[in-house]
Amino acid sequence: MPHTLKLLSAAEASSLDDELRRLFSEAQLAELAGFAFASAIAAEYELPRYARVLVVLGAGANGRDGMAAARHLAAFGYAVPILRAWPANASSYELLVDAVFGHRYTPPPRPPFAALLAALRASAVPLVSLDVPSGWPVDADAPPDGAALAPHGLVSLLAPKRCALHFDGAHLLAGRHVPPPLAARLGLHPPHFAAAAPFVRLEGLRCDAAEGRCTLRADALPLPPSFSAAAAVFSACISLVLLAYAVGALARSECRLFGLLWRPGLSHARHRDDAATRSSTRDAGL
Ligand SMILES: NC(=O)C1=CN([C@@H]2O[C@H](COP(=O)(O)OP(=O)(O)OC[C@H]3O[C@@H](n4cnc5c(N)ncnc54)[C@H](O)[C@@H]3O)[C@@H](O)[C@H]2O)[C@@H](O)CC1
């Protein structure tokens, strides 16, 4: 069964924020999102290929979480400098991280952000956006125009936003700190995350803008623990049966090779023949 992802509108994303702010402090939210974002980036943009990273921050919570992600990326071994302005050597970086706007952006961009988005758009360095590609209208039914950012990757936070319908690059989902009862109440329906991973790659994702939904191919998701345990037991049983069969076949072929094939009927017959031979030999006085 394919898994249908819940896509949040800007209003639904804001309600989720309000719920989370009742449960966590701002600092906790930043750390949880920052670590999850950084872990997803590190998995998709591995060291040493993407060692030099430029994280571009906005003034809202998306920028705050981007700052925390930058700190975690630095702890993972990436080189993430702290700069006050767009650097002259931006093209020498190996990865750009867009944490300018999240789901509370309303177009069009005001100065100085219009110039910043244009610089990000013009760069040939791979770009990954956090939660929302900055400048994309969150609830848009149509794909963004040609002047919008075209990120290589998108790491959605907690649930993809509606505009993700129009994104067809590498898509990951980060953050699993929505308590399950709250996720159920909001109908978030998150996919299964592997073990303790704070993110999941949305491989096999198919978004249909006309239907207004994104589905994940069932076989592309990590299996829930109960399924993987059952699968492990099942495959162990199959392996044992095959092994036993192979050992039996090998033993039979070895026996044949040395003329030792044991067949109950045959061995009894031989035994009888031997006994008959012995008694006739005795009778004959030999
Ligand atoms: N850590 C967590 O668990 C959570 C983090 N969240 C993050 O917080 C983000 C939402 O944060 P915010 O509500 O602060 O909003 P944003 O981070 O989207 O930024 C809003 C900021 O951008 C400015 N802005 C909006 N439109 C603009 C325009 N046209 N031109 C110039 N400036 C503009 C606003 O004045 C405000 O300062 C989410 O996208 C997500 O990244 C939230 O989803 C809540 C949960």
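Modeller: Happy to; I will start with the strands and then turn to the open spaces and the charged contacts.

This is a predicted model, so a local feature needs pLDDT of at least 70 and side-chain atom pairs count only at pLDDT 80 or more, while totals for chains, interfaces and linings use all residues. Residues are numbered from 1 along each chain as its sequence is written, and side-chain values use heavy atoms, with hydrogens and water left out.

Six strands make up an open sheet with mixed pairing, in the order 2-3-4-5-6-7. Helices (H or I, at least four residues) and strands (E, at least two) are DSSP runs, numbered from the N terminus, and two strands pair if DSSP finds at least two bridges between them. Strand 2 (53-57) and strand 7 (199-201) are the edges: each has a single partner strand, so one side of each is left without a neighbour in the sheet. From one strand to the next the twist averages 20 degrees; axes are lines fitted to C-alpha atoms, for helices over the stretch in contact, and angles run from 0 to 180 degrees between N-to-C directions.

Helix 3 (residues 61-76) lies across strands 2, 3, 4 (127-130) and 5 (153-157), at about 160 degrees to strand 2. Contact here means heavy atoms within 4.5 Å.

Strand 2 and helix 3 also meet in a pocket: they are the elements that give two or more residues to the lining of the second largest pocket. A pocket is an open set of points on a 1 Å grid over the protein atoms alone, with protein on both sides within 12 Å along at least five of seven lines, and lining residues have an atom within 4 Å of a point. This one has a volume of about 440 Å³, volume being the space filled by probe spheres set on the points, which are joined across faces, edges and corners. Of its 17 lining residues, Val55, Leu57, Pro81, Ile82 and Leu83 lie nearest the centre. By class the lining has 15 nonpolar, no polar and two charged residues; Ala, Val, Leu, Ile, Met, Phe, Trp, Tyr, Cys and Pro count as nonpolar, Asp, Glu, Lys and Arg as charged, and the others, Gly among them, as polar.

Helix 3 also supplies at least two residues to the lining of the largest pocket, as do helix 1 and helix 2 (26-44). That pocket has a volume of about 600 Å³, and Ala61, Asn62, Gly102, His103 and Arg104 are the nearest to its centre among 30 lining residues. Helix 1 gives the most, with five residues. The lining divides into 16 nonpolar, six polar and eight charged.

Arg104 brings us to the charged contacts: its side chain meets that of aspartate 17 in a salt bridge (3.5 Å, N to O). The term means a side-chain nitrogen of Lys or Arg within 4 Å of a carboxyl oxygen of Asp or Glu. The partners are 87 residues apart, with aspartate 17 in helix 1 (residues 10-23) and arginine 104 in the loop between strand 3 and helix 4 (113-122).

Lastly, there are other pairings to see. Strand 1 (residues 3-5) pairs with strand 9 (residues 213-216) in the antiparallel sense over three bridges, with histidine 3 partnered by leucine 216. Strand 8 (residues 205-208) is joined to strand 9 by four bridges, again antiparallel.

Definitions and conventions:
On a 1 Å grid over the protein atoms alone, a cavity is a set of points where a 1.4 Å probe fits but cannot get out, and a pocket is an open set with protein on both sides within 12 Å along at least five of seven lines; lining residues have an atom within 4 Å of a point.
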